[in-house]
Each structure stands twice: as C-alpha cells, then as structure tokens.
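Dear colleague,

Please find below the structure that I promised to hand over; my notes on it follow directly after.

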Amino acid sequence: MAPEPPLLTMSGITKSFPGVRALDGVDLDVQAGEVHCLLGQNGAGKSTLIKVLAGAHQPDDGTIGWRGAPVTLKSPIAAMRLGIATIYQELDLVEGLSVAENVHLGHEPTSAGFVVRGKAARASTAALLKRLGHPEIDPARLVGELSAAQQQIVSMARALSHDVRLIVMDEPSAALDPDEVDNLFRIVGDLTTEGVAVVYISHRLEEIRRIGDRVTVLKDGRAVAGGLPAKSTPTSEVVALMTGRNVEYVFPDRPSTRPPGEPVLTVQGLSREGEFESLDLDLRPGEIVGLAGLVGSGRSEILETIYGARKPTAGRISVDGRPLRPGSVRAAVRAGLGLAPEERKAQALLMLESVTRNVSVSSMSRFAHGGWIDRRAERGAARAATRELSLRPDNPSVPVRTLSGGNQQKAVLARWLLRGCRVLLLDEPTRGVDVGARAELYAVIRRLADEGLAVLLVSSEVPEVLGLADRVLVLREGRVVHTAPAQELDEHRVLDLVMEGTS
Amino acid sequence: MTQPASPPRPGETLKTSPPDGIASWRTLAARADVRTLSLLGVLAALIVIGGITKPDEFLDTRNLQLVLTQASVIGVVTVGMTFVITSGGIDLSVGAIVALSSVWATTVATQEYGFAGVLFTAVLVGVGCGLVNGLLIAYGAMVPFIATLAMLASARGLALQITDGKTQIVTIDGILKLGERDSYVLGIPPLVLVFAVVTVIGWLILNRTTFGRRTVAVGGNAEAARLAGIDVRRQRLYLYLLSGLCCGIAAFLLIILSGSGQNTNGNLYELDAIAAAIIGGTLLSGGRGTITGSVLGVLIFTTITNIFALNNLQSDVQQIAKGAIIVAAVLVQRRTASTT
Amino acid sequence: MPEPTRHTSRRGLLFGTAAASAGALLVGCTSNDTKDEKPAANSQPAADDKPGKHVTIGFAGPQADHGWLNAINDNAKSRAKKYSDVTLEITEGSNDTAAQIGQIETLINKKVDVLVVLPADGKALTQVGLQAMRAGIPVINLDRIFNSPQAYRCWIGGDNYGMGLNAGHYIGEKLKDKKDARVIELAGLDNLELTKQRTQGFDAALKNYPNIKKVARQAAEFTVESGQAKMAQLLQAQSKFDALWNHDDDQGVGALRAIKQAGRDDFLMVGGAGALSAFQAIDADNSVLKATVLYPPTMAASAIDLARALGQGKGIGGLAEFEIPASLTLYSAVVDKDNVKQYMATGFK
C-alpha cells in the first residue's frame, strides 16, 4: 500500500493469561485512511488485540509504533490521547445520562474547571450527530431511551468527540438493520476520506468485501495472514485461513420428503398488541420452520410469546392439541418447549457455572430424589448430551464462560436435548458464532430435526433462514406476509417482501 | 463419570494453548481451595496471635467452647443470609426478626406453654416474618432491600410494643439448663451442636439439592433461570422463608444463651451476617455462595472479638480491626478472582 | 440513656455537693416514705398534695426502648395521676431530634403551663427549650442537659460520675483488707459520654485503695445480649478477681447469666441503675450480685412535682427559698441487702 510510514505498527505482540496464550507474536500495521479488517474465530485473539490497542491490556512482549515512533499504551486514557478510540461490541454507555453527557463523559466542556457547560456540550454533540447522519437524535435525551442502533451512533459520536486518528469497531453491524448498515458504511467512508484509519471487526465476509481495504486474519493468537487485499481474496481462502480447513458447504441437506404426522405445535391467531398480529403456525416433528424479517418485525417477540415469557393479547397455542397456558414459561417447558434465546449470556447461561450445571438446569428433577441431586447421573447425562452435539472441550466440568460462542450455543441446545424437549425455539442461533462453527451448528440443528424435533427458527440473516428451514414465514411489521417452502424463495425475494412498502 | 477429557480436536475450539478441560477444571478447584485456604490462613494467624498474647486464657477448652457458643447465634443467621445473598437478594431484617422472635417467645403468656411453646413460637415468628418478606419480594415485586428494610422497622417496632422496653426473663428451667455446662454433650455446648447441624444441612442444601441449584441459578442470572423453566418467584419466596426460619432458630439459641428476651436483641446482625458471608466468598451480586466460607467468616469475627477481649482492648479498637478485616478479605478475594 | 455532664453543676454545685437525694429533699423530714409524699414546708407557700391551681404539664421524652427510659415514662405518668390538679400532655417518645422538636413545638402551641423535657439529644434540643422559655413556658430539663441555662428553668438529673464514685467506694470498703485485690469493670455503651463519666468516677474512687487494682474493662451495649457476650469473655480472660462493677442492671441480666454459665461465684458484683430484677437478687442474696448503684428513674416523678410547683407558683418543702432551685443533681445511692426493701417499689422492669 502507501509508501509513507504506517499510522500504527504492532509487532510481535504477545499476551498471556493464566493458562492461555491469547496472543502469540501478532503483527499488525494500519495505514492512515484505510479500513483494515480483522478476521478470526472467537477465541482467535481479536478481542485481546483490540484491548491491547485500546490500552486496556498490557502486552507481555512486542512493540507498538505510532506514526513511526515507539509508544506504550499504559492506559485507555493514554490510547485516547494519541487518538485511538474503540467502540466495543457491548456498548459502554451510561443509560441514565443524556446523549450529550455520554458523548462528553470524562472530558466535559467546563467553566472554571468544574462547572459543566451543558449547552456547549449539547451543541457540539448535535454537530457530531449531524456529521454521522443522525441529526434526529436529540442530545438532551437519555441514552436508555434510544434504540440499539441509535446507541451505536452515540458511541461513535463519543469516539469522534476526541481528536481521533484511528477507530476500532468491534462488530458494529451486529445489532443493525440493512439500511442502518448502509449508513454505517457511509460514515466509515467519510472517516477514511478524512484520513482516519478504521480497524473493523466483523464476522460477515460480504461486509468486509464492501468496505474493507485490507484484511488481517488471526487464528489461535497468531496473525496467519496480514494485509490481504479485502476485495479480491477468495472467500474460500479467507475461510480456510480462519478455520485451518476448507469449508465446502455450509448448510446441511434437507430430507427429501416432508415429515408426516400431526403438528406438535399449533398457533392460532396469536397477537400481542404493538408487536405482532394474528399469527397462525403449524409445526410438525422433524420440521424446521423459519421466521424471516427485519429487526422490529416481531420475530423474537413471537418466539418469547409462544414460550410463555410474554403474555399474548389474543390467540391460542397448543401442543399436541392440548392448549398451553399462556404467559407461563413453566407450562411451556413442561409441555416440551425449549428456547435458545437471542442474548445467550443475558438470557440463557449461568456464566459462573460449569457446562454440566448449565445443561442440567432445566431437568434437575430427573437426577433428584427428594430434591437430592445424584451428581454422578447428572454429569453422565450432561456429558452424553454435550457429546451428542460435539461440544468442545469434551469436559462438561469447565465453566461455561470459557467456551466459544458456538459451543455456548451448543450448551443451550444440550440443555433442551437433555430435557427431552420436542419443540425447539431458536432465536438468532448463530449470533456471535464464527463462520467455521456455524456450519457445524447448522448440521446439529438439522440432525436434531431429523431425529424428530420440531424447530422454529428466527434469524436476521436471510441466507441462514433459507438455507436451514424447510418452510419460511416472512414477517413485516408484525404480520406474516408470505409463507413458502424455502426452496421456492431466494434472498432477493425475501428482502423484497420484508421491505415492500417500508420505504 | 469424571474421566479425563478426550484430547481436544484441532481446529474446533475457542481458547488456544494447552488448558483443555482437565487443566482448567483443576484451576477451578484450586481457586475454590485458595479462597477457603486464605480464610483458614487468616483464622490460623488469629489463633497464633491469640496463643502468643494470652496462651493460658486463649488456648483453653473453655475458650474454644466460648468462641463457638458466641458464634452460634450469628452463625445460624449467616447461613440463612448466605442463601439469600447467593440468590442475588439481601435480608436487612434478620436482626429485627431475631429480636421479635425472641420477645414473642418469652412473653409470660408464651412461657406458660413451656419449652415447646417457646421453641415453637420463636420458629413460627421467624418463618412468619420470612413469609411476609418473601411474598412482598416474590409476588409484590418489591426490591429486597426495601422490603426487608420495611420489615426491619416494623419488627423492631412490634418487638418494642410487645416488651414495652422491658427485659423478659425466662423462667423455664429446661431452656435455662441448655445454656449451662451440665448440658454439654461430650464437651460440646448444645448451641454449638445446633449451629453445626444448621451448617451441615445448609451446606448440603446449597451444594447437593435442586433447591441449592435453583438458588444459584436465580442469583447468577434470574432471566436465564426463568427461561430455563425455574419458578423464580417461588424460589425467592422459599429463600426468604429459609432466612426467617434461621432467624427463628437463632432467636431460640439467643433465648437459651441470655436467659431472656429483649427488643434490643440481634442489634446489627444484618451487617455482621452480610459481612461474614461476603468475606467468606459469597458474591454480593449473587450467583455464587459458600456456606463453608460464611461459617469461617463468622468464626474469624468471633475469634477477633475474643482475642481483643482477652487482651482487654476496648470496643473502638475492635471496631477498627473489624473494618480493616472486611476490606482486606475483599481485596484478597478480588486478587484471587482476577487471576481467572 | 441519660447524659448529664459535669459542667452542668456549675449551678448544681449549690445543691449537688450537698449530695442530698432528690427524694429526701422534696419530701423533707416528716415522712419516712421516700417517694410518694410531699409535706408542706414551714411557713413558706410550698407545693403539697392539696389541690391547688390547675396545671397542664407537657412531657416529651425519647422512645422508651430500654428499661430505664420506660421507667421514666411510667414515673411521670403515675405521679401526674396522683394529682387531681394536674393534666399531663405526654407525647409519643421519639429518638429523632427533628421529630422531638416538632412535638415540643406542638406542646408550646397548645400553651401548656409547664414543659418537662428529656431530650433525645440535649445539645440539639437547646433551641426549642429557649423557644419555650421565651414563650413564657418554664421548662424542666430532665437528665440530658441543654447547652444553655437559659433554655430551662430547672434541671434535674442523675450523676454519672457520682455513680462510678459510689460503686468504687462500696467495692473499696468491701475489699480494703484484702491484699492485691483485683477488680473488673463491665461498662455500658462506649459511644456515650455518660459511660466515660461513670468509668472516671469509678477509677477515681479506686485510687483511694492502693491494695486494689482494676485489671480489665470491657464495654457492652446496655443490652442483655451484649452483657452476656462481654461478661463471658471477661470471665475467660480473668480466671481470678475479687469484684466486678457492671454499669447497667439491664445488661447485668446477661452478665449474671454468663456468670452462672461459667459456674463462677468467687467474687462480689455491684450493679448500676436500679432494676427490679437486681433489687430482687440483692434481697434474695443467692447470687454474686450484692449491691447496685442508683441512677433513679424516679427523677421523672420529681420533675412532675417541680413542674406542678412551678405552675402553682410555689416553692418546695424542706428549703428556705420561695422558689424551686435551678438545678438538682440526684444522689446515686448504693442499695445493698440492708436497705433494699426500702427501694423495692422504685425498681424498674
């Protein structure tokens, strides 16, 4: 690329945590004005690397150069002073403060050194928001009242409120709808024309192709490839670098015949005011039904209502023809429903606990005699369930927080497998799961269906719904606008359906 | 089935480098041990200090009996508190419930029903208060801090109303006898026996039963527990009931110990119990609880008080030392925790 | 818990050093019954039992969460009931300064004739005392003294230093022939100034007996529970001693319990305050408790007498002056087996 000295050079960065070498001699160079993409599976060392770059971790070894001169980033403040800003995946905003207060947190414009000049802060925040293409966000509003996408914009405004030369974005598109992603890319484009460098982390290869200049691939704490051209490197090569093997196909084959039998789950006229209306749905054993739609189309709400976590305003749900008490998770679980929720860490996992306990939590009474847990039986059953899903590592005693995203998802699936659940509700099953592990997860889901489970799948990634489901329900603004076998649909058609009339 | 893990397959997992399952399981076990060991270390250090400063008085069977007896009442309360904190809650009303139970159980009217009447009343009042706490928190959707703060105020007020500020003397011989040396079983005071039994049962419930698992699950992630099919509200109700039950038992022990009921009983037990549970290693935010740690925490505090009293140091110094120990213990724990 | 301070007695000296028991002072010498009678004195107009001008007395005290404070309320109420010419307006007891100020202001607005105030905190309630005095309502300040003498017409209260002094002298006399006698002290709540004063008095008295040494002191919290706990530790710490002074009979219940549990009876115990249970134990003479030093809650009854006298514009019997004194420090009498019967009726529960 450019012959001038790079903005940032990291070389031989090594960082160990007790028992784990997270980074093992990583090199990275970033030019001013480029979008440098960082790719790698979960646990490959991306997070550690950007934390080193943000001054949050100190490397054990290696050097960092900034505009040709060696520097030490001994604290996040030191990094910020150089002009390095980081937008983390889990946004670090204070919900109880206003937009302007969040943007200027820690460097408030003041009079006499301590009196916050609120008006000045709001004015400069408004200017930043305008520059980011979101003049509609009121700097005086509380951040907690904003949508996830708007919060992301605020987070970006905060980064830009410093004199920034390098922005690190950790999966910024994960919570965004397609048109919001477009806006994000526009902003990234603007920034790079101004000479700001962007380190962009994403799981979505197509995004990297769209905006990336160069790609560095991390695997097992090493940079296995540095500075590949983002647009022209073949996907198979990138995937091979990330996984260390070639992924030939992603989605498993569908069974040739539609599974016979009576529906196990029947939903009639299900509604929740303001969220979705008159949903009808049949789900047979062995069948995977997908719900496709934009963020806000009511997908997750439908799953949670069927599962009893929300109370419907109208409609009925029955399992095996028997009506299910609405608004009761326990009734749903007893009837054989299981949910793998969208926010695994917040809604499904006991992060301090072992895999075993996470798997057995819904079936404890099976191993208990008079409340007394037979831990041997519990461990054995948990092991059998996790083995069946090839959960790694093959030791259910490890804390669940040490697992990768894909394996954490498998732990959730194992929970329902162990419970003997018959209807599996999957909400964004591959969120935060890297490419290599996705294929395996898809295969697992398909296998569970082949073994007689009924699966209801929600995903914001249309190809995932189309590739995995037998039948697809397309949602727009809380209503089913189209139902068809997956083979009869393609991504364009679905996007047309979900966006029709919205613009 | 705790056989070692099969070798990790390449290309699949998360964490790089050597620690596969077995190793990190060992570090987990080791870490749990480190926490308990550090508490045992503190206790051992205290014993050395006590033994050096007052060899005759401190290293004496009678003193061991004394320390354990003094630890029994607050110890039983702390076991209940440990459950509540593990579930992500807090019970500020324990001291007030102990006071109310102890005075209700020692009114002239109650004492007419004899030993059983006093015991039954103490336990029933404790459970009743716990029930109110539990209903308010689980089904009234009140924050535990507020609900139990309200209970603290009301129970203290009711205790004052019942006693009219007067000390109620126990006249039942069977109860008084239990606090005296003749009742010691193989040298163990009955109070200490009760404390030991409550501790063992508490440990078993927390570590070996579905109730304990649900407690941890609710504390670790209430939403996940709910979506996993656990009845979170009922669990919360039971937990405050359990805490109330422990308070009732503790009140009975206090009646035996002091031979009386007084509305000032159980003064600041809530803080002592919370402090003991926290330095023991129970997470104030919930999701992890240790009965062993809590009991060690109680013993550490009681031993400090004992050493200070034997050395004739005054209460100001005792309080300063107590504060310092809390800070030190939490700092040590943070260090062990951050090596994760 | 009572909290008078030494400097109070700048005025109190006139009477305080005379060390006459308030009861005796009020009663004069014509009666043998210490508490319940009030003969007229000589030719001066003095308050007596005969109905006179009607007097409304406002009474504000702290929350009665302790036996002694409860006895204060009881004494005030029953004394007022005795007089057909007295109406007692008694407020809900409160330990909250702001609440107590509000209650006293209400009494001022009701235009009571005389106020009797036992403040939760003497210093903090001085202003409201001044306010009452300026409104022309004389204030009887009970036990915990206001900051300014202008805030009360008359102060009446106990003598904490004297309590320690008398306890020390009693023990000193009992042990004066014993070589190397060892004494321990179970104090009350160390946060309170009165506890310090009691200890100072005790130490001062023991200085007169070179054969006696105070070997240990621990502070309890005026509660049975703390009395038991601290006494148990003291007994373990001191395998041999000759006498114990316990500041408070309420915590003494716990202390006696600990003594019984330890199976000890080789020493002499003196209590403090004057609880009924202590009097009964002294009378029965079957435990280590041989005496107790008074901090008499009957001061509330005397305060009612003083308030009535003020309201009727009279002096009190037994004194030559036309007016009641500005300050009365009560004597902390030692009650032992010889005189316990006489005090039995004043013991509080």
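In chain A, β21(A) is joined by five bridges to strand β22 (residues 454–459), and the two run parallel; strands here are DSSP runs of E with at least two residues, helices are runs of H or I with at least four, and both are numbered from the N terminus, while two strands pair if DSSP finds at least two bridges between them. Within this pairing, Leu424(A) has Val455(A) of β22(A) as its bridge partner. Strand β18 (residues 337–340) of chain A also runs parallel to β21(A), with four bridges between them, and there Leu337(A) stands opposite Val423(A).

Both faces of β21(A) are covered, since Val423(A), Leu425(A) and Asp427(A) on one side and Leu424(A) and Leu426(A) on the other are all buried, where buried asks for 20 or more other C-beta atoms within 10 Å of the residue's own, with C-beta atoms placed from the backbone.

Please keep in mind that this is a predicted model, in which local features need pLDDT of at least 70 and side-chain atom pairs count only at pLDDT 80 or more, whereas totals for chains, interfaces and linings use all residues. Residues are numbered from 1 along each chain as its sequence is written, and chains are lettered from A and ligands numbered from 1 in the order in which they are written.

Turning to the chains, 32 residues of chain C are in contact (C-beta atoms, placed from the backbone, within 7 Å) with 31 residues of chain B. On the chain C side, α8(C) gives the largest share, 10 residues. Chains A and C have no contact, and their closest C-alpha atoms lie 34 Å apart.

Best wishes

Methods. Two residues are in contact if their C-beta atoms, placed from the backbone, lie within 7 Å. A residue is buried if 20 or more other C-beta atoms lie within 10 Å of its own, exposed if 12 or fewer, and partly exposed in between; C-beta atoms are placed from the backbone.
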